[in-house]
Amino acid sequence: MSKTLHLVRPGLFLILDSALLRRYRRAAGVAAREPQQAGSRHAPPRRAYWAAYRTDLLRAAEGLARLRAAARHHDEPHRL
């Protein structure tokens, strides 16, 4: 499903590959426990990967905005 969503909206959806799942395993477990501890009947059973990704992006929002602004004002082309 994540590959299909990525093809439709690549800027919005990550591909849930094994490397990304490994990277976010612990954070997804924490994200799944938060609604359970709040008493939600709709809490994810074990891991909440999308919630973990969202939290990560929200925490990085200010830094990402600064990087985008710096890139807009940079004269040299991007080199890999």
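H2 supplies the largest share of the lining of the largest pocket, six residues. The structure is a predicted model.

**Largest pocket**

- The space in the largest pocket comes to about 210 Å³.
- Helix H2 (18-37) and helix H3 (49-72) each contribute at least two residues to the lining of this pocket.
- Lining the largest pocket are Arg23, Tyr24, Ala27, Val30, Ala31, Glu34, Ala51, Ala52, Thr55, Asp56 and Arg59.
- By type, the lining of the largest pocket has six nonpolar residues, one polar residue and four charged residues.

**Second largest pocket**

- The second largest pocket holds about 150 Å³ of space.
- H3 gives the most to the lining of the second largest pocket, namely five residues.
- The residues that line the second largest pocket are Gly11, Leu12, Phe13, Leu14, Tyr24, Trp50, Tyr53, Arg54, Asp56 and Leu57.
- Seven residues of this lining are nonpolar, one is polar and two are charged.

**Salt bridge**

- Side chains of opposite charge can pair when their charged atoms come close.
- There is one salt bridge in the structure.
- Glu62 and Arg66 form a salt bridge, with 3.5 Å between the closest N and O atoms. This pair counts as a salt bridge because 3.5 Å is within the 4 Å cut-off.
- Both residues, Glu62 and Arg66, belong to helix H3 and are four residues apart, about one turn of the helix.
- Glu62 and Arg66 are both exposed.

Notes:
Residues are numbered from 1 along each chain as its sequence is written. This is a predicted model: local features need pLDDT of at least 70, side-chain atom pairs count only at pLDDT 80 or more; totals for chains, interfaces and linings use all residues. Side-chain values use heavy atoms; hydrogens and water are left out. On a 1 Å grid over the protein atoms alone, a cavity is a set of points where a 1.4 Å probe fits but cannot get out, and a pocket is an open set with protein on both sides within 12 Å along at least five of seven lines; lining residues have an atom within 4 Å of a point. Grid points are joined across faces, edges and corners, and a volume is the space filled by probe spheres set on the points. Ala, Val, Leu, Ile, Met, Phe, Trp, Tyr, Cys and Pro count as nonpolar, Asp, Glu, Lys and Arg as charged, and the others, Gly among them, as polar. A salt bridge is a side-chain nitrogen of Lys or Arg within 4 Å of a carboxyl oxygen of Asp or Glu. Buried means under 20% relative accessible area, exposed over 50%, partly exposed in between (1.4 Å probe, protein chains only).
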